Amino acid sequence: MASGFFPFLMTQLALGLFLALESVFAERESHQKTQRVIFHFALSAFNTAVFELILGSTVLQALSWATAGNYGLLSYWKVGSFSQVVLSVLVLDFSGYWMHRWNHTVSFFWKFHQVHHQDREVDATTSLREHIGQRVVSFPLELLTLTVLGTTWPIYLGFKIASAILSFF
């Protein structure tokens, strides 16, 4: 269950920094900023907690199974550590790109993803605005990608933290 809470904590700390920078260098007046930030933080915390309770340990088990049994393309290709990081980042990002495209083009996925686009004031917290259903429907693709690739837990964790922080821009 702890698999998602460390990235959650790291991203929330980064988000706090970005919110402080936004307030110092704001180009426009924000209406109800405090309420929006609290809502987005609460939604993100709820989604992370629920998702971790339901599916969080599955990722850790899949990664442990793949790396312990030397399954996955990275083990098959016998690439070095640096190449594992580069290939993992490229494949995971490519997979995420296509999931995001499908969120916009497949009506079933759009029903969940539109929650993110309904934010009336875009700021650093907009990336936290996500329907729990979006995580659930994208999970099988992420799990399949991780299993086929056979990436390691530290690489996956680093990727999740970096991509979450970059989503604030």
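Contact here means heavy atoms within 4.5 Å. This is a predicted model, so local features need pLDDT of at least 70 and side-chain atom pairs count only at pLDDT 80 or more, while totals for chains, interfaces and linings use all residues. Residues are numbered from 1 along each chain as its sequence is written, and side-chain values use heavy atoms, with hydrogens and water left out.

**View 1. Helices H4 and H5 cross at roughly 95 degrees.** On the H4 side, the residues that meet H5 are Met99, His100, Trp102, Asn103, His104 and Thr105; H5 answers with Ser107, Phe109, Trp110, His113 and His117. By class, that contact has four nonpolar, seven polar and no charged residues (Ala, Val, Leu, Ile, Met, Phe, Trp, Tyr, Cys and Pro count as nonpolar, Asp, Glu, Lys and Arg as charged, and the others, Gly among them, as polar). H4 covers residues 81–105 and H5 residues 107–117, and their axes come within 6 Å. That makes the two helices roughly perpendicular (angles of 65 to 115 degrees; under 35 is roughly parallel, over 145 roughly antiparallel, and the rest oblique). The axes are lines fitted to C-alpha atoms, for helices over the stretch in contact, and angles run from 0 to 180 degrees between N-to-C directions. Helices are DSSP runs (H or I, at least four residues), numbered from the N terminus.

**View 2. H2 and H6 pack at an angle of about 5 degrees.** Their axes sit 10 Å apart, and the pair is therefore roughly parallel. H2 brings Asn47, Thr48, Val50, Phe51, Leu55, Thr58, Val59, Ala62, Leu63, Trp65 and Ala66 to the contact, and H6 brings Ile132, Arg135, Val136, Phe139, Leu143, Leu146 and Thr147.

**View 3. A closer look at Leu63, in helix H2.** Leu63 counts as buried, at 2% relative accessibility (buried is under 20% relative accessible area, exposed over 50%, partly exposed in between, with a 1.4 Å probe and protein chains only). Leaving out residues up to four places away in sequence, Leu63 touches Leu146, Thr151, Trp153 and Tyr156. Thr151 is 88 residues from Leu63 along the chain, yet their C-alpha atoms are separated by 6.8 Å.

View 4. Look for Asn70 in the loop between H2 (33–68) and H3 (73–77); Asn70 is exposed, with a relative accessible area of 56%.

**View 5. The largest pocket holds about 1400 Å³ of space.** Of its 44 lining residues, Glu130, Arg135, Lys160, Ser163 and Ala164 are the closest to the centre. Helices H1 (5–24), H2, H4, H5, H6 (132–149) and H7 (153–166) each give two or more residues to the lining. The lining has 17 nonpolar, 20 polar and seven charged residues. A pocket is an open set of points on a 1 Å grid over the protein atoms alone, where a 1.4 Å probe fits, with protein on both sides within 12 Å along at least five of seven lines; lining residues have an atom within 4 Å of a point. Grid points are joined across faces, edges and corners, and a volume is the space filled by probe spheres set on the points.
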